[in-house]
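Please work through each task with the model open before reading its solution.

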Amino acid sequence: MPTENPDPQSLLPLPAAAFQILVALADRDRHGYSIMQDVSTRTGGQVRLSAATLYSSIRRMLEQGLVAEPRHSPDPASQDERRRYYTLTAFGRRVAMAEARRLTEMLAQARETGLIPKKL
Amino acid sequence: MIAVRLFRGLLRCLPARFRHEYGQEMVHAFHAELREARLCGGRSAEAGVWLRSLRDLFATAPQEHYHVWKQDVRYALRTLAAQPVFTAVALFSLALGIGANVAIFSLLDAILLRALPVLAPHELVILTDPDARGIFTGMQPGNRQRLTYEEFTQLRDQTRVFSSLMASQAGLETLRIRVNGAAPEETNGRLVSAGYFSTLGVPALIGRTLSNTDGPEPPLAVIGYDYWQRRFGGRPGAIGAQLAVRNTVFTVIGVMPPAFFGEAVGDRPDVWLPLELQPAVLPVGDLLHDNRKDLQKVMWLHAFGRLQPGVSLEQAQAAANVVFQQGLSAYYASAPTEEARREFLNQRLKLQPAAGGSSGVRRSFAEPLTLMLAAAGLVLLIACANLGNLMLTRTTARTRELAVRLALGAGRADLIRQMLTESMVLALAGGVAGLGAAWGFRTGLLAFVSESVQLPSSLEPRVAAFGFGLTLAAGLLLGLLPALRTRRVDTNAGLKEQGRGLTGSAAWMRTGKVVVAGQVALSLPLLAAAGLLLRTLDNLQRVDTGFVKENLLMVRADVERAGYEEPKRQALFDRVHARLRATPGVRAAAYSAHGMLLGADSGDEVAVEGYVAKGEDDQGSRYDHVGPGFFSTLGIPLLLGREIDQRDHAGSPRVCVINEAFAKRFFAGRNPIGMHVTQLYGPQKNTYQVVGVVGNARKRSLRGEIEHRYFVPSAQPIDVPGSVTFAVRTAGDPKVALNEVRRAIAAEEPNLPVTQARSIEELIGERTLLDRLLARLSLAFGAVALLLAAIGLYGVLSYGVARRTSEIGIRKALGAREGTVVAMILGETGWLVAGGLAGGAALAIGGLRWIESRLFGLSATGPAAILGAAVALLGLVALLAAWLPARRASRVDPLIAIRYE
């Protein structure tokens, strides 16, 4: 049962897998394997989610209200109706943005201190 | 495809709920990933997918299980919170049951099971009887209970089988100690040999212990941790403190660690002093040398040792007995006859493992504690059955909810786990509360038992494990019936049920009823035992002691310790006696060596004029020394002749008075007056003429036959008594008069220590202590069992009646009257209760032998009558518990009831 969480900050920092899933769902709803593929493609194969990690994360994110299952499959032409799709909730979007901001600030701080070059 | 099937099988390590929700998707994703890997990267990429998937799966599984468990616990807590009355009853009965069990077990553990807190306790052996306590003078055939100091030193110096050997006083001494010149304070002390601490292998917390190189001079002392804290505020300056005992000043050289109490369980000495200084500490004569004049050994020591490597217990025992026998042969060389000598030599040492140390309380407490633990276990079992039944009823009432959960995808395993989680949460909360209760019970029990018994109060791992095991067992017992019940929940039927939410098959009602009958059966033995033990206690407290108990004090004074030589003692007895009689508030006073019910006694062989002994065992008798007017002061009836009075002084003819049992035994059918009784012990011989016969009176025990006994004037003693007991009959409350009595004794002789001062009521109280403990606890347990049985019966019947509302409605619509309905319900209950009572009666009769030895004064039909009373009481309470729901059933309105059909 999803529990509405009004304060995105309370969930930060997000586990890496959860953030990747949120990013994968940012542009469109996806089913599990599509999320796995998206993450792998975006990271150039650096990050690969396994089925266990993916669904354990999804279970938690559903409970936290970060993602939801849309009532209707977004892709009526889908070959497999049994596939379950996941969509980003408004709260999930706020949390993803907050996490992205947090990561950006950290990166900026690392640049300020000269730990990493101004431009990679 | 094999890989997919394999992966699907591996998913079983995930919780069923998770698998049910996401399993299919996971298999799908894994399959797709594997296919792609094979297309793009071949076998190695495929292996990479496998590796990653497996690693993540096994990492995720525990997290998901933990998550499910957390949800279950949260759900259980919510369910329990929604039923506060049930939860409160459950927690209360579990805390009571678990607490009582843990408290009693912790006492049993401390007294019976726990090893001494010393180095390698399992290597310790004891050469004496670990249960023996105090001092014994004379000869003790068979296995030796205690040793003399000389015997100990012979064993220590002449055997080669022990790597170390030590001796300690077989009793705790109350010493009057002056600390650094302050006023004397009563302190517990024990005399120990120099090797005591090294044999036990325990170093001092600060300073050092007595060691083998320490001689008797300078006098040294080691003190206990509690005493150090209490008397010296835990300051290191205690080392070097001066402890004056009588005229000897001991210097404190060490403080023992907090857990150390020595070798005797139940004792907690404040101070340990060197054995070699006994004459200075305990002026009861020289106990360091065996008296060769009268062949009476004073045995007062326990001996503990550790065996040399490679030496077995049997070898050590044989070797020790060789030395022991040599010592006996030398000592008894002057025995009057060869037969006497043979008898004297019939003594031996029995070596046994001594990890548990010695204990004066072990023997008397072991049986009652075991009985109490059994009773407490029974109560917990009843409580679990009761709660299990209530939970079963709740589960049955929750059928609809469970069916909904099943329909929503929960597995049956989920439901069973949920039920077990609820019962476990309940049991764990009960266990935690029980631990608190146990601490309180234990303190209460110990305070009740004795102020002098000191047991370590730390929570032992074994006790904690027992409590935890008990809690787990209780949780399982509680959850078992409801969990089994959920296996039978039918989704369709459950969802179809409407209306009052009470459903359930008749089979489950039957289970509930069987459990209630079982509860009745288990409660009956507890109630019967409570009845038997209460009657026993009552019999003991009202036992005819043979003397008048009212307003009677027993005051024991130790003339030997006051430094009085034998010839001067009789004059002191007479002086104190005269002063007591003149004391305000004292109606009469008398004295004897042993008094009544104090536990002390004397006995020897006797030769009775005109009586031919039927064997060796037929010529012994107990005796006491009494002052003038003893029997009239105590109200012991004079049956023949006269009592001992002022005429019987040192220079007059030697006379004695015998009790009725003595007259019956040795003068059956003859007139004893004028006949002679001769006391014999070795070469010692004292002949007295019988001048009177008095009634039997209890001197030692409240139970059993009264022993035959004769009484000689203390002015014409067999052995001059070292202590004397004044029997003081007071005008009013003896406790109030006690101060006057103490003052009178101190006024006559300021140095005369009063070692015991008790009213007869108090002494009877001490003698019946364990009986009172057992009676009260069994009464409490019986009452709880009765209450639980009533609650159980009421619960099951209430539920049954509610379930049958419509049936009862139809019966009433068809013309059944209220009385008929009540009779129907009570009739059904009657069979249930009768079955339980029959089972219970069988259990009670079978269990009777466990408490038989503790019963007293019951007639042949007594136990049966008490069992009958218990059956009647339980039956009556059951009837009451059944009557309430039955009456409710009879008031069912047929119209309302049938409307639901």
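**Exercise 1.** In this predicted model, determine how far apart the N and O atoms are where the side chains of Arg854(B) and Glu367(B) meet, and which parts of chain B the pair ties together.

*Solution.* The side chains of Arg854(B) and Glu367(B) form a salt bridge with an N to O distance of 2.9 Å, which falls within the 4 Å cut-off. Arg854(B) sits in the loop between helix 23 (818-851) and helix 24 (862-890) of chain B, whereas Glu367(B) belongs to helix 10 (residues 362-397) of chain B, so the pair ties together parts that are 487 residues apart in sequence. As for accessibility, Arg854(B) counts as buried at 12%, while Glu367(B), with a relative accessible area of 31%, is partly exposed.

**Exercise 2.** Which residues of chain B do salt bridges that share partners join into one network?

*Solution.* The network, held together by shared partners, consists of Asp601(B), Arg622(B), Arg700(B), Glu707(B) and Arg709(B).

**Exercise 3.** Which salt bridges does Arg30(A) form, and is Arg30(A) buried or exposed?

*Solution.* One partner is Asp27(A), with the closest N and O atoms 3.6 Å apart; another is Asp38(A), for which the corresponding distance is 3.2 Å. Arg30(A) has a relative accessible area of 6%, and because buried means under 20%, Arg30(A) is buried. Asp38(A) is buried as well, but Asp27(A), with a relative accessible area of 59%, is exposed.

**Exercise 4.** How many salt bridges does a search of the whole structure find?

*Solution.* Over all chains, the search finds 46 salt bridges.

Methods: Residues numbered from 1 in each chain as written. Chains lettered and ligands numbered in written order. Predicted model: local features only at pLDDT ≥ 70, side-chain atom pairs only at ≥ 80, totals over all residues. Heavy atoms only, no water. Buried < 20%, exposed > 50% of the residue type's maximum accessible area, 1.4 Å probe, protein only. Helix = DSSP H or I, 4+ residues; strand = E, 2+ residues; numbered from the N terminus.
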